[in-house]
Amino acid sequence: MFRLRRQPVLPEEITLEIDGREQRIVLRGNPQARRYILRVPSDGGAPVLTVPKGGTLATAREFAQRQRGWLAGRLGERPEAVPFAEGGVIPLRGAAHRIIAAGGLRGLVRAEPAPELEEDSEAAGRLLVPGAGEHIARKLTDWLKREARRDLERAVAHHAAALGRTPTALTLRDTRSRWGSCTADGRLSFSWRLVLAPPSILDYVAAHEVAHLAEMNHGPRFWAHCRRLAPHTEEARDWLKREGGRLHLYG
(Lines give C-alpha, C1' and ligand atoms only; values in the text may rest on other atoms or scores of the structure.)
Protein backbone atom coordinates (compact mmCIF):
# COMPACT_ATOMS: atom_id res chain seq x y z
CA MET A 1 0.00 0.00 0.00
CA PHE A 2 1.40 3.37 -1.04
CA ARG A 3 1.32 6.35 1.29
CA LEU A 4 1.24 9.93 0.11
CA ARG A 5 4.26 11.91 1.21
CA ARG A 6 3.21 14.97 3.17
CA GLN A 7 4.50 18.40 2.25
CA PRO A 8 7.09 19.46 4.86
CA VAL A 9 5.75 22.12 7.21
CA LEU A 10 7.73 25.34 6.85
CA PRO A 11 8.53 27.57 9.82
CA GLU A 12 6.92 30.99 9.87
CA GLU A 13 10.26 32.72 9.35
CA ILE A 14 14.01 32.38 9.00
CA THR A 15 16.82 34.79 9.87
CA LEU A 16 19.63 35.98 7.65
CA GLU A 17 22.70 37.97 8.68
CA ILE A 18 22.97 41.19 6.71
CA ASP A 19 25.63 43.81 7.46
CA GLY A 20 26.29 42.26 10.86
CA ARG A 21 22.63 42.22 11.92
CA GLU A 22 20.05 39.47 11.92
CA GLN A 23 17.23 40.12 9.47
CA ARG A 24 13.92 38.31 9.88
CA ILE A 25 12.43 36.87 6.64
CA VAL A 26 8.83 35.67 6.60
CA LEU A 27 8.17 32.42 4.71
CA ARG A 28 4.92 31.99 2.81
CA GLY A 29 4.10 28.79 0.99
CA ASN A 30 2.17 29.27 -2.25
CA PRO A 31 1.11 26.16 -4.22
CA GLN A 32 0.44 28.38 -7.26
CA ALA A 33 3.96 29.84 -7.35
CA ARG A 34 6.43 28.37 -9.82
CA ARG A 35 9.59 29.73 -8.25
CA TYR A 36 11.02 31.29 -5.11
CA ILE A 37 10.28 35.02 -4.88
CA LEU A 38 11.75 37.47 -2.38
CA ARG A 39 10.19 40.90 -1.94
CA VAL A 40 10.62 43.82 0.45
CA PRO A 41 7.34 45.48 1.50
CA SER A 42 7.34 49.26 1.33
CA ASP A 43 5.41 49.48 4.60
CA GLY A 44 8.40 48.63 6.76
CA GLY A 45 7.41 45.02 7.29
CA ALA A 46 9.85 42.11 7.18
CA PRO A 47 10.94 40.78 3.77
CA VAL A 48 8.72 37.97 2.47
CA LEU A 49 10.02 34.85 0.73
CA THR A 50 7.42 32.96 -1.29
CA VAL A 51 8.07 29.22 -1.40
CA PRO A 52 6.52 27.29 -4.33
CA LYS A 53 4.83 23.90 -4.14
CA GLY A 54 7.42 21.26 -3.37
CA GLY A 55 9.83 23.83 -1.99
CA THR A 56 11.96 23.02 1.03
CA LEU A 57 13.35 24.95 3.94
CA ALA A 58 16.90 24.17 2.86
CA THR A 59 16.33 25.54 -0.64
CA ALA A 60 14.57 28.60 0.77
CA ARG A 61 17.61 29.32 2.94
CA GLU A 62 19.98 28.88 0.00
CA PHE A 63 17.87 31.19 -2.16
CA ALA A 64 17.81 33.86 0.56
CA GLN A 65 21.58 33.59 0.99
CA ARG A 66 22.13 34.16 -2.74
CA GLN A 67 19.95 37.29 -2.55
CA ARG A 68 21.81 38.87 0.39
CA GLY A 69 23.38 41.62 -1.69
CA TRP A 70 20.13 42.54 -3.39
CA LEU A 71 18.26 42.41 -0.09
CA ALA A 72 20.79 44.64 1.67
CA GLY A 73 20.43 47.21 -1.10
CA ARG A 74 16.65 47.23 -0.97
CA LEU A 75 16.55 47.48 2.80
CA GLY A 76 19.04 50.35 2.66
CA GLU A 77 16.84 52.25 0.20
CA ARG A 78 13.68 51.83 2.25
CA PRO A 79 12.64 54.82 4.38
CA GLU A 80 13.09 54.36 8.09
CA ALA A 81 10.16 54.08 10.45
CA VAL A 82 9.09 57.29 12.22
CA PRO A 83 7.98 56.71 15.82
CA PHE A 84 5.35 58.87 17.47
CA ALA A 85 7.85 60.80 19.57
CA GLU A 86 8.95 64.36 20.25
CA GLY A 87 10.35 65.99 17.12
CA GLY A 88 9.07 63.38 14.67
CA VAL A 89 7.36 64.55 11.48
CA ILE A 90 4.26 62.66 10.37
CA PRO A 91 1.51 63.37 7.84
CA LEU A 92 -1.97 64.41 8.97
CA ARG A 93 -4.52 64.47 6.15
CA GLY A 94 -1.59 64.59 3.77
CA ALA A 95 0.22 67.56 5.37
CA ALA A 96 3.46 67.15 7.33
CA HIS A 97 3.16 67.91 11.07
CA ARG A 98 5.89 67.95 13.68
CA ILE A 99 5.16 66.26 17.02
CA ILE A 100 5.67 68.63 19.95
CA ALA A 101 5.57 67.67 23.63
CA ALA A 102 3.24 70.32 25.06
CA GLY A 103 3.93 69.52 28.70
CA GLY A 104 1.34 69.54 31.47
CA LEU A 105 -0.56 66.57 32.81
CA ARG A 106 -3.93 67.16 31.21
CA GLY A 107 -5.34 68.36 27.94
CA LEU A 108 -6.08 67.14 24.45
CA VAL A 109 -3.87 66.72 21.43
CA ARG A 110 -4.09 69.81 19.23
CA ALA A 111 -3.21 70.32 15.58
CA GLU A 112 -2.20 73.81 14.53
CA PRO A 113 -0.25 75.54 11.76
CA ALA A 114 3.48 75.93 12.29
CA PRO A 115 4.31 79.36 13.77
CA GLU A 116 5.30 81.86 11.12
CA LEU A 117 8.40 82.84 13.06
CA GLU A 118 9.73 79.29 12.96
CA GLU A 119 11.38 78.12 9.78
CA ASP A 120 10.50 74.44 9.45
CA SER A 121 11.06 73.20 5.95
CA GLU A 122 9.73 69.76 6.83
CA ALA A 123 6.42 70.53 8.51
CA ALA A 124 3.49 72.80 7.69
CA GLY A 125 1.85 72.17 11.06
CA ARG A 126 2.37 70.98 14.61
CA LEU A 127 0.77 68.32 16.77
CA LEU A 128 0.86 69.41 20.40
CA VAL A 129 0.69 66.39 22.68
CA PRO A 130 0.24 66.94 26.44
CA GLY A 131 1.68 64.77 29.17
CA ALA A 132 4.96 62.98 29.76
CA GLY A 133 7.12 61.99 26.81
CA GLU A 134 6.63 58.27 27.37
CA HIS A 135 2.89 58.70 26.80
CA ILE A 136 3.14 60.60 23.50
CA ALA A 137 2.78 57.52 21.30
CA ARG A 138 -0.36 56.27 23.04
CA LYS A 139 -2.03 59.67 23.26
CA LEU A 140 -1.27 60.56 19.67
CA THR A 141 -2.43 57.17 18.37
CA ASP A 142 -5.71 57.46 20.27
CA TRP A 143 -6.24 60.99 18.95
CA LEU A 144 -5.50 59.98 15.35
CA LYS A 145 -8.00 57.13 15.63
CA ARG A 146 -10.69 59.53 16.84
CA GLU A 147 -9.93 61.90 13.97
CA ALA A 148 -10.02 59.01 11.50
CA ARG A 149 -13.39 57.86 12.82
CA ARG A 150 -14.82 61.35 12.51
CA ASP A 151 -13.59 61.76 8.92
CA LEU A 152 -14.72 58.28 7.90
CA GLU A 153 -18.16 58.56 9.50
CA ARG A 154 -18.71 61.81 7.61
CA ALA A 155 -17.51 60.35 4.27
CA VAL A 156 -19.46 57.11 4.69
CA ALA A 157 -22.67 58.98 5.57
CA HIS A 158 -22.30 61.16 2.48
CA HIS A 159 -21.69 58.28 0.08
CA ALA A 160 -24.27 55.98 1.67
CA ALA A 161 -26.94 58.68 1.27
CA ALA A 162 -25.97 59.14 -2.38
CA LEU A 163 -26.23 55.39 -2.98
CA GLY A 164 -29.40 54.94 -0.92
CA ARG A 165 -27.84 52.31 1.36
CA THR A 166 -27.21 52.15 5.10
CA PRO A 167 -24.22 50.42 6.71
CA THR A 168 -24.84 48.56 9.95
CA ALA A 169 -21.55 49.39 11.68
CA LEU A 170 -18.20 51.14 11.22
CA THR A 171 -15.03 49.91 12.91
CA LEU A 172 -11.37 50.87 12.75
CA ARG A 173 -8.42 48.49 12.48
CA ASP A 174 -4.70 48.59 11.68
CA THR A 175 -4.40 46.02 8.91
CA ARG A 176 -1.58 45.93 6.37
CA SER A 177 -3.40 43.85 3.76
CA ARG A 178 -6.32 46.16 3.03
CA TRP A 179 -7.51 49.72 3.63
CA GLY A 180 -11.16 48.82 4.10
CA SER A 181 -13.65 45.98 3.98
CA CYS A 182 -17.38 45.37 3.86
CA THR A 183 -19.21 42.29 5.14
CA ALA A 184 -22.38 40.80 3.70
CA ASP A 185 -24.40 42.23 6.60
CA GLY A 186 -23.20 45.78 5.91
CA ARG A 187 -20.40 46.16 8.46
CA LEU A 188 -17.67 48.49 7.22
CA SER A 189 -14.11 48.40 8.52
CA PHE A 190 -11.28 50.82 7.75
CA SER A 191 -7.63 51.37 8.56
CA TRP A 192 -7.28 54.33 10.92
CA ARG A 193 -4.08 55.23 9.03
CA LEU A 194 -6.22 56.72 6.26
CA VAL A 195 -6.30 59.91 8.34
CA LEU A 196 -2.60 60.27 7.51
CA ALA A 197 -3.33 60.31 3.76
CA PRO A 198 -4.69 63.24 1.73
CA PRO A 199 -8.48 63.64 2.27
CA SER A 200 -9.25 62.50 -1.28
CA ILE A 201 -7.71 59.10 -0.51
CA LEU A 202 -9.84 58.55 2.59
CA ASP A 203 -12.87 59.69 0.63
CA TYR A 204 -12.18 57.14 -2.14
CA VAL A 205 -11.75 54.23 0.30
CA ALA A 206 -15.01 55.20 2.02
CA ALA A 207 -16.77 55.32 -1.36
CA HIS A 208 -15.23 51.97 -2.34
CA GLU A 209 -16.57 50.18 0.72
CA VAL A 210 -19.98 51.90 0.53
CA ALA A 211 -20.25 50.72 -3.09
CA HIS A 212 -19.94 47.17 -1.75
CA LEU A 213 -23.23 47.70 0.08
CA ALA A 214 -24.81 47.50 -3.38
CA GLU A 215 -22.40 45.07 -5.06
CA MET A 216 -20.40 42.53 -3.03
CA ASN A 217 -17.89 42.01 -5.83
CA HIS A 218 -15.52 43.94 -8.09
CA GLY A 219 -17.54 43.61 -11.25
CA PRO A 220 -18.48 46.36 -13.73
CA ARG A 221 -21.56 47.45 -11.75
CA PHE A 222 -19.49 47.81 -8.59
CA TRP A 223 -16.92 50.02 -10.31
CA ALA A 224 -19.69 52.08 -11.87
CA HIS A 225 -21.05 52.80 -8.37
CA CYS A 226 -17.57 53.52 -7.04
CA ARG A 227 -16.64 55.94 -9.80
CA ARG A 228 -19.96 57.75 -9.51
CA LEU A 229 -19.41 58.24 -5.78
CA ALA A 230 -15.71 59.07 -6.18
CA PRO A 231 -14.82 60.38 -9.65
CA HIS A 232 -11.17 60.47 -8.51
CA THR A 233 -11.12 56.68 -8.09
CA GLU A 234 -8.27 56.02 -10.54
CA GLU A 235 -6.03 58.73 -9.09
CA ALA A 236 -6.67 57.48 -5.55
CA ARG A 237 -5.93 53.87 -6.47
CA ASP A 238 -2.67 54.92 -8.11
CA TRP A 239 -1.71 56.90 -5.00
CA LEU A 240 -2.39 53.95 -2.69
CA LYS A 241 -0.32 51.63 -4.87
CA ARG A 242 2.54 54.11 -4.97
CA GLU A 243 2.46 55.70 -1.52
CA GLY A 244 0.09 53.67 0.65
CA GLY A 245 2.74 51.41 2.13
CA ARG A 246 4.52 54.41 3.64
CA LEU A 247 1.59 55.09 5.95
CA HIS A 248 2.61 52.00 7.94
CA LEU A 249 6.03 53.50 8.67
CA TYR A 250 4.54 55.91 11.22
CA GLY A 251 4.00 55.06 14.86
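Reader: Which residue in strand 8 does arginine 98 stand opposite?

Author: Arginine 98 stands opposite arginine 126. A word on the basis: the model is predicted, so local features need pLDDT of at least 70 and side-chain atom pairs count only at pLDDT 80 or more, while totals for chains, interfaces and linings use all residues. Residues are numbered from 1 along each chain as its sequence is written, and side-chain values use heavy atoms, with hydrogens and water left out.

Reader: What makes strand 6 and strand 8 a pair?

Author: Two strands pair if DSSP finds at least two bridges between them. Strand 6 and strand 8 (residues 125–130) have six bridges, in the parallel sense, so they pair by that rule. Strands (E, at least two residues) and helices (H or I, at least four) are DSSP runs, numbered from the N terminus.

Reader: How do you know that strand 5 and strand 6 pair, and in which sense?

Author: Strand 5 (residues 89–92) and strand 6 (residues 95–103) share four bridges in the antiparallel sense. Valine 89, for instance, has arginine 98 as its bridge partner in strand 6. The two strands form a hairpin with two residues between them, and arginine 93 in the turn has a positive phi of about 50°.

Reader: What makes a group of residues a nonpolar core?

Author: A nonpolar core is a set of buried Ala, Val, Leu, Ile, Met, Phe, Trp, Tyr and Cys residues joined through side-chain atoms within 4.5 Å. Buried means under 20% relative accessible area, exposed over 50%, and partly exposed in between, with a 1.4 Å probe and protein chains only. The largest core has 46 residues, and Phe84, Ile90 and Tyr204 are among those that touch the most other members. Helix 3 (136–163) is one of the elements that each supply at least two residues, and helix 3 gives the most, with 10 residues. A second, separate core of 15 residues includes Leu38, Phe63, Leu71 and Leu75.

Reader: Why is aspartate 151 called buried?

Author: Aspartate 151 has a relative accessibility of 13%, and the limit is 20%, so aspartate 151 counts as buried. Aspartate 151 is in helix 3. Leaving aside neighbours within four places in sequence, aspartate 151 is in contact (heavy atoms within 4.5 Å) with Arg93, Val195 and Leu202.

Reader: Why is the pair of tyrosine 36 and phenylalanine 63 called stacked?

Author: Rings of Phe, Tyr and Trp (its six-membered ring) pair if their centres lie within 6.5 Å; planes under 30 degrees apart count as stacked, over 60 as edge-to-face and the rest as tilted. The rings of tyrosine 36 and phenylalanine 63 are 5.8 Å centre to centre with 25° between the planes, so the pair is stacked. Both residues are buried.

Reader: What makes the pair of phenylalanine 222 and tryptophan 223 edge-to-face?

Author: Their ring centres are 4.9 Å apart and their planes stand at 75°, so the pair is edge-to-face. Phenylalanine 222 is buried at 0% relative accessible area, and tryptophan 223 counts as buried at 13%.
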